[in-house]
Every structure is written in C-alpha cells, then in structure tokens.
Amino acid sequence: MWRSTSIFFQISLLFTFAFISFLAIAIFYIKIQPSLESIKQYNILVNAIGKMKQFNANLQEIRSFLEEENFHEVSVTESWKNKFVTDSQIPKSGSFNINVIQDGNDIFITLRTTKDFIVYRDPITSGLSKYHMITLIGTIILVSIYITLMKKLMPLNHIKYEITHMTRNNIFTKITHGVKNQDEIGELVREFNRSITKLDALSKSRSLFLRSIMHELKTPITKGRIVAEMVADTKQRQRLCNVFERLNTLIDEFAKIEQLASKNYNLKKREILLTDIIEEVMKMLLIDPRNQDIIILNHHNDLIKADFNLFTLSVKNLVDNAIKYSTDSKVIIESVQYDLLIKNKGSPLKLDINEYFKPYFKDMKNPLSEGFGLGMYIIKTALDAQNFDLRYHHEDGYNIFTIHDCIVERFCIIKSTNNTQYN
C-alpha cells in the first residue's frame, strides 16, 4: 500500500482528479453541445430557406439544398404526420409549403404539396456519437499516459528495495534495475553506482590502512615488552611491562572500533557479573586493585547481558573520563533499577552531550585538552551496537552518565572467587 507521501500515490491522485475533470467536461458537452448546434443549425436553415423562397426556388432545389446540408429524408408515421400537419395550411395547386420545426435537439424540415408530405431530419444525432467517440479517445489517451508514466517510474521501487537490502546487510553493491535507462532514473542509478564504487574503495583503503598501522605498531610494542622484561629493578620492570601491555590493549580497542565502523564485528551477548567488568576495567586502566579510593562500586551483584569486550570498553572509557575530569579523582559506579550509573564530582558539561559523541571532537574552550576526541565517540558506537541508550545529566554537583536497561538481574547470588574488595 502506498503512503500518502509516495510519488506513486500523488501521481495516481492527480491522475484521478484529471480523469474525473475530463469526464465531467465531456459529459457536459455531450449533454449541451448538441442542443447548441441544433439552435445554430435551426437559425441558419430559417434564414437560408427564407431567402430561397424570396427568389422563388422550386421544391427540387430546396430538397437538393437540404441534402447538401446532410439532412436526410425520414419515413413519416401517421402520428408524426398529425403532429407536423396540425398547424400547417394545405398549399395551393402547383405550390408547396415549407416548415422548420425544432423538437428538442432535433430539427425537422417539412415539405408539403397537394399530394406529398416529405420530412427531412438534421444530422445532429450523428453528432452525438462524435462526442462519445471524442470522450472515448480522450479516456484511452489519459489512461495510456498514466500507465506509461507509472512504468517509467516503476524502477524507483526496485531501486528502493535494492538500497534497503544493501543497508540491512551492510554491504556495498551496485544497483541493477534501471542502469540501462537513458532517462534521469538511469543517470541517477549510474551516478549512485559510481559513488558506491568509490565508497567501497575508500572503506577497503581505510580498513587496510588501519590494519597496517596496527600491525606495524605491534612489532615495536612487542620488542619494547621484551626489553622491559630485562630490567633488573622489579618495580620499574613491572611499570614498563604495564605500559606496553596498555599500548597493546589500545591497539586491540582500535581494532574493535574499526570492526564496528565497517560493520564486521561479531557481536556476542552473554550474561556477565558487574564485578567482572569492573575488574577488567581496572586492569585496562592499570589501576592497582588494592587502591580502593579511585573506583567506588555500590553494587548488588548485578548481572548484565552484553558483549563483554564492547561493554567493558565503553565502561573503561567512561571511568577513564570520570577520573580524569573529576575534582577528587574518584568515580562512583552504582545501579538504579535496571540502569548502570557512572558518576564523578565536577562541573557540568559546557555543550550538549551529542556534541561530545562526534568523532575527533575538541572543546574549543579547552584547546590544551589531551587525546584525539574519540573517547565519547567510541563509547557511543560500542553501546549503540548493543542497542543500549546512553544519557547524561548533572545533579547535586555530579556528572552522571546512565546506561539504560543493561542490567537483567539484581542481587545475583554468587560465591566469592577472589579477594578483591569494593565499597
């Protein structure tokens, strides 16, 4: 069924209006025009026959004139004869009477002699079929125009289905319908296919570029890790190893984001304990588990259903930002109903939250801020891929980021498997 905004619906509506208008005008002419022609013909005949009688035209001359005007003789019934003869005077011997009688849309010419009564009828009745024929031809032309126009536009439907299929399957494919058309639709399809070819090439080039960079970075990081293991001082060795491990983790994160951007990431949702996610976040941020002052976790053994890697990546970036921009270098993680809240003490954001979701965002009021402006973009992309909604508000001196409906069960009963403690 076409929508009211569909071009096919609008064309059909306009055609229906035009068709009804044409029929209305045609019916009007069919009803009115014969009467108008009859009146016109009547006036012409009265004037012509009057002049012929003035010049003493004989009966044969008048009959020839009527036949030239396409009048035809009709057989006269008694009822017709009584109708036409009622007010007519009987002509004198050797002469004849002429009467022009209009009956509705018909004109009758009566010629009466002492012996004969001849009746001619006008050709208006044949004119009626002429208007019917014009109406029929006009109807055929209008319908033909409509069918031709709809056939010309029909490739648009196929093009829409192909683009929809392309969007749903996240693939770049050329459109096949209408590609050989020589009209504007064909030009549109060919231009679209050229754009698709360029986009596909750019996507592959970007993917290859990122993978090449990540591959090239892996080598020096691995070598640095090996060198770090040779440091004699245990404390320094551990710090260096943690740094290289962090760099390696960042490369893995970029790989995940590249997969998300190219729609090649294989999403695997499963039930995860919130405590497991926080432990992984602390490892990624190189936070000592014994340092309980940085992350304050008010939890109830919540169970979250998400992709572990992506969800952990989002929480890690939110926690990292919360620590970095808080006034006390602390972050609070808690749950409210089925929402996960990440809070830090600080001033409210200066811009709308959607501005921070843009890639390579830089706060112009703080040009010395660190990073590439990808943190919030990564968070939003990773959560969107899992159909989680991220919202922000500032309340009682706290910036609060809320991940909605990510908790599937609260107060989950578990056995302790480690000695890590949280507030």
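Residues are numbered from 1 along each chain as its sequence is written. In this predicted model, local features need pLDDT of at least 70, side-chain atom pairs count only at pLDDT 80 or more, and totals for chains, interfaces and linings use all residues.

Me: What is the mean pLDDT of the chain?
Reply: pLDDT is the predictor's confidence in each residue, from 0 to 100. In this chain, 77% of the residues reach 70 or more. The chain mean is 76.

Me: In which element is confidence highest?
Reply: Helices (H or I, at least four residues) and strands (E, at least two) are DSSP runs, numbered from the N terminus. Confidence is lowest in helix H3 (residues 78-85), with a mean of 66. The highest value, 94, belongs to E11.

Me: Which strands stand at the edges of the open sheet of 5 strands?
Reply: Two strands pair if DSSP finds at least two bridges between them. The order is E6-E8-E9-E11-E10, with mixed pairing. Each edge strand has a single partner, so one side of it is left without a neighbour in the sheet. The edges are strand E6 (295-298) and strand E10 (389-395).

Me: Which residue in E11 stands opposite Asp389?
Reply: E10 and strand E11 (residues 398-404) pair in the antiparallel sense over 7 bridges. Opposite Asp389, E11 has His404.

Me: At about what angle does helix H8 run to E6?
Reply: Axes are lines fitted to C-alpha atoms, for helices over the stretch in contact, and angles run from 0 to 180 degrees between N-to-C directions. Helix H8 (residues 274-284) lies across E6, strand E8 (331-336) and strand E9 (339-345). Its angle to E6 is about 175 degrees.

Me: Which residue in E12 stands opposite Leu303?
Reply: Strand E7 (residues 303-307) and E12 run antiparallel and are joined by 2 bridges. The residue opposite Leu303 is Glu409.

Notes
Heavy atoms only, no water. Contact = heavy atoms within 4.5 Å.
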